[in-house]
Amino acid sequence: MKRDKELEKILAESIKDVTINLHESKNYEEQIEKSALLSASSKMYREVKDDFYKIFTVNSLSAIIENASFQEVLSYMAGEALFFAYDQTGDERYKNFICELAEKLLKKTRNSDGVFAGNDEAKETDLSDAYEKLPFYMNYETKFGGKEHYSDVVKQYQAVRAAKRCEKCGLYNNNSDLEVALYMASMIDTMEVTDQPVYEIFAGVKEIFKETFAALKEQGKLGTAEELKEDQLTAKLVLLYALLKGCRMKAILSEKYEEELNRMTEQAFSMLKAQGKAVFKNHHMLLAATMMAYAESIKERSYQVYGRNKGGAIWS
Amino acid sequence: MELKLVNVTGRSAVVELTESGKYYTEKQFEIYVNGNKYMDSDKVITSIYGLNPDTEYQISAVYDGKNIDAVTAKTNYEYVTLNVRDFGAYGDGEHDDTNAIQCAIMACPKDSRVLVPEGVFKISSLFLKDDLTLELAKDAVLSAFTEREKFPILPGTIESYDETKEYNLGSWEGNPLDTFSAILCGINCNNVVITGEGTIDGCTSFENWWDNCKIRDIAWRPRLFFINHCNHVTMHGITVQNSPSWTIHPYFSNHLKFIDVKIKNPANSHNTDGLDPESCQDVLVLGTYISVGDDCIAIKSGKIYMAQKYQTPTSNMIVRQCCMRDGHGAVTVGSEIAAGVKDVHIKDCIFMNTDRGLRVKTRRGRGKLSVLDDISFENIDMDNVMTPFVVNSFYFCDPDGKTEYVGTNQPLPVDDRTPSIKRLTFKDIKATNCHVAGAYICGLPESKIDRLTFENIDFDYAKEAKSGVAAMMLACKEGSKQGLVVSNINELVLKNVNINGCDGDAIVQDNVDQIIQE
């Protein structure tokens, strides 16, 4: 899709109103929102090259790592942003922080399904066990961890699937649309940072991604551009991000799905633009979702461009 | 001793002088065609060129003053010859001749040949097709460009429209990944012959493909020759050299012959395996010379994703009268053998200056489909091979290669990830100037090698034997002049095994259930 200057202006103005006071997250939802905003901001910088996004991300994270009592969910979910900050600045503090986080992650108690359970072995597995931690875990393993625990990452996804997926319809009925969307996003983000030569790991996560997409389709959960409702936009935009990225990475067939996904994305953006900047006030998750979907939608999709740049997301 | 006809095309014949040696004959001999002297030869397998199509020839020999009875060779019928120069190829070492040669290939009718005459023809990728004979004349060189942007890409997988299947084109180290197409490439082709005295030169150096070669740059590096799902393909006589990565890579292809081929890459080049059949059946490698920078022959069947999906081992393979030298392993099985390897026999060969003679590389995690069985080596001379026989079930490859799971000596539960090695036989083998060890054989404690047979084997050590690590596994220490170091085997048969000049015990064994010595 082409760049939308009007939407970009709204997004830039909206995020300028946001401060990520990490030590002051009131609850779990706020942590998720802030993490998503940081990751989304790094994605926006990569596509629109507006320095504001880079500064916002780097400065916010700098405050995180300087504060000893970091918020765990925030940190793992902001994983992409942490790696981005390290890439952009070369500041070893980010790498050290990433490695410390990873060390803490690997020491975490696991529940009976084998997923990380925080401090509570009795904790039931949920989709959040995937989207909170696994993209960070995989990214760490690929870049700094020697890839020793690759098979553990895919096992965690398989455990989450086994615990939460409805065998009959293939959906995750006990989870909200947003949780399912974040779960899909986590899978495609994990696949993106998986090293190619360990193909069976990539294929293991891709299989769950495709299976979940197929169930959403068959059960009518995707909808169409015409059916979009305002109260669905946050979850829908995260899902659109995941599916557009899935098309680009050839996890699902572009030929069949990309056109309708683009229509839905455009419709969602139109609905937001109609309300202006006000729509994002105090709706950080919606802002993050919009940024994620927008950055993905304007990404160059032809192989000759992104495939021929070294180190791009060039999976087949 | 007799002459046997082993191959014939429209313009050539290949004969074997039986019982005359291993790759090289013990004495030089003369070859006659229709009573006229054709050449002197010192090779067991000799090619005769310049014949006419659809013609009968009497080929005879004189060896050590004795006449060897003639063998009749009837060359194949040929309809037309398509000379690539007539299609616009320059052959001047400068112009891009890819299109012109590809045009000739696509226009070639059945029972005909595309002829690349003397000259240097610059190309990127050429694609074969059914019922093709491609002949490289003497002093013809297909010389590859090295700019990667000139090469098309073979996508790893393309999903079917109904989303139930995938179409695999590219392959890299056992996985379906985007790869540049090979310099000479065949996809779904049948009945192809590549023949002649000419050369395919990848022109690779550390300034291009071998630079930073572990990193994917747009796509993974091309092979020099890659065939995917092809049948009845013969490569005869030509020289292939300076390959960007694995030189000859037949992949999910059957009924293949490699006869009197010369495969050459510098000893310090990266991943330039000579011949890597992967998930192939019915493969003959005869009279071939291989000197490369990695394993000379590496027999494979993919990593775990491909193995589980397609379950296609490499099987029914014969390697005869070949010379393997200078590489890491003369004949290697692995490490990508997740679908197994069976019924592979190496006979009447010479190995020189390689790190290892036979090398089996496997590890926990290759999977239960990774079964190696009925692999034999017979009538082989090895000289200056660091360690003639290595079976390593703890090969520290892949990201988790150095973890406890892969490296532990303690038996682990046998599960879906456990590979197995059944029967390995080594017979009538002379290994002189060994250095590190005669044999270093390690099965898995939980899945021991079923039966390992050494029969009529002589080991002698170099006077100034070098020290080294026999096997790439965590527990293997550097050593020199070790005998047979064997572990985790059900039945070890030793018949007439002579180990001369090793330091320490001739046999060092651990967890071997039964040793049968004669």
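I began with β4(B) and strand β7 (residues 56-63) of chain B, which pair in the antiparallel sense over five bridges. I call strands paired if DSSP finds at least two bridges between them. Strands (E, at least two residues) and helices (H or I, at least four) are DSSP runs, numbered from the N terminus. I looked up V33(B) next; its bridge partner in β7(B) is I59(B).

I note that this is a predicted model: local features need pLDDT of at least 70, side-chain atom pairs count only at pLDDT 80 or more, and totals for chains, interfaces and linings use all residues. Residues are numbered from 1 along each chain as its sequence is written, while chains are lettered from A and ligands numbered from 1 in the order in which they are written.

**Hairpins of β4(B)**

I followed β4(B) to strand β5 (residues 36-43) of chain B. The two pair in the antiparallel sense over six bridges. V33(B) turns up again here, opposite N36(B) in β5(B). This hairpin has two residues between the strands, and N34(B) takes a positive phi near 50°.

I then checked strand β3 (residues 21-22) of chain B. Two bridges join β3(B) to β4 (residues 24-33) of chain B, and the strands run antiparallel. G21(B) stands opposite T25(B). One residue lies between these strands, and Y23(B) has a positive phi near 60°.

**Open sheet**

I traced a three-stranded open sheet in chain B, with the order β1-β2-β6 and antiparallel pairing. β1 (3-8) and β6 (45-48) of chain B are at the edges, each with a single partner strand, so one side of each has no neighbour in the sheet. Five bridges join β1(B) to β2 (residues 13-17) of chain B. In that pair, V8(B) stands opposite A13(B).

**Helix α6(A)**

I moved to chain A. Helix α6 (residues 92-106) has 15 residues and reaches 21 Å from its first C-alpha to its last, close to the 21 Å expected at 1.5 Å a residue. The expected span is 1.5 Å times one less than the number of residues.

Which residues of α6(A) are buried? I found Y94(A), F97(A), I98(A), L101(A) and A102(A). They cover an arc of only 135° around the axis, which puts them on the same side of α6(A). The arc is taken from the directions from the helix axis to the C-beta atoms. On the other side, E92(A), N96(A) and E103(A) are exposed. Buried means 20 or more other C-beta atoms within 10 Å of the residue's own, exposed 12 or fewer, with C-beta atoms placed from the backbone.
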